[in-house]
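Hi,

My notes follow below the structure.

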Amino acid sequence: MYTLTKLTKTYRQGNRTVHALKNVDLTIAAGQHVAIQGPTGGGKSTLLQMLGGLDRPTSGTITIGADDLSQMPDARLAKIRAREIGFVFQGFNLIPTLTAQENVETALEPLGVTVEQRAKRATAALASVGLADRAGHLPSELSGGQQQRVAIARALVKEPDVLLADEPTGALDEETRDEILDILDGLRRDRGLTLIVVTHDSAVARRAERRLHIKAGTVTER
Ligand SMILES: Nc1ncnc2c1ncn2[C@@H]1O[C@H](COP(=O)(O)OP(=O)(O)OP(=O)(O)O)[C@@H](O)[C@H]1O
Ligand SMILES: [Mg+2]
């Protein structure tokens, strides 16, 4: 599903150039469950941003199916992001003025889903992460783990082909973490969801079929 060829991402920090990813060659098959590990600042979030089409590489190519994300016009890229890719960001990125239910519904807005269907699907997504009784609450009225589960529901509600998650279970207790991982495994089995998860938790990494390690912008298999 993904093919990365000589993918490099550099950032300017003042008058320094930081190489967040260096000549990464990588393929990820549809339906694969990949864990990404490595030290802080190693390039994990940068790699997820590239896979999600949130930012463009400095050089090299990244294709998803037949589409080259590095060359694609912005509007096309936005459409692929909205339909095919679910994101769970480091730090959740919930909208503070919207309830849990409304936060989840926002993911369906660009997809031409009716208001009624949006509400129904958001309710089901929140129930699937065990938050049916918190749907009407604002993020500030939820615990860290509950906010994290809202973010997961928001990523899953559009039934994406790919889920990109940055420490999706970092704020959860072991039991809730395992429940969420079971939900994700189920989606992979039933719908062929491709799961790419950044984690510092070795219990989360062990559940993946493939483990990648990123250090100083270089990716190795573990
Ligand atoms: N928007 C940005 N502007 C400038 N430098 C950036 C930007 N994003 C990341 N970097 C730099 O790129 C490198 C890789 O950062 P990245 O966020 O990918 O690391 P990470 O592996 O996700 O780390 P962590 O485990 O702390 O989340 C770091 O040196 C970081 O300072
Ligand atoms: Mg990161």
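Helices (H or I, at least four residues) and strands (E, at least two) are DSSP runs, numbered from the N terminus. This is a predicted model, in which local features need pLDDT of at least 70, side-chain atom pairs count only at pLDDT 80 or more, and totals for chains, interfaces and linings use all residues. Residues are numbered from 1 along each chain as its sequence is written, chains are lettered from A and ligands numbered from 1 in the order in which they are written, and side-chain values use heavy atoms, leaving out hydrogens and water.

Now to ligand 1. Its shell holds 14 residues, the closest being Thr40, Gly41, Lys44, Ser45 and Thr46 (a residue counts if one of its heavy atoms lies within 4 Å). H1 contributes the most to that shell, with 3 residues. Polar contacts are pairs of N or O atoms within 3.5 Å: a side-chain N or O atom of Thr40 is 2.4 Å from an oxygen atom of the ligand, and a polar side-chain atom of Ser45 is 2.8 Å from a ligand oxygen atom.

Then there is strand S8 (residues 194-198), where 5 of 5 residues are buried (under 20% relative accessible area, 1.4 Å probe, protein chains only). Thr194, Ile196 and Val198 cover one side, with Leu195 and Val197 on the other. S8 runs parallel to S7 (residues 162-166), joined by 5 bridges, and parallel to S3 (residues 33-37), joined by 4 bridges; strands pair if DSSP finds at least two bridges between them. Ile196 is the bridge partner of Leu164, and Val198 that of Ile36.

Enjoy looking around!

Notes
Buried means under 20% relative accessible area, exposed over 50%, partly exposed in between (1.4 Å probe, protein chains only). A polar contact is a pair of N or O atoms within 3.5 Å; within protein, one must be able to donate a hydrogen and the other to accept it, and residues adjacent in sequence count only if both atoms are side-chain atoms.
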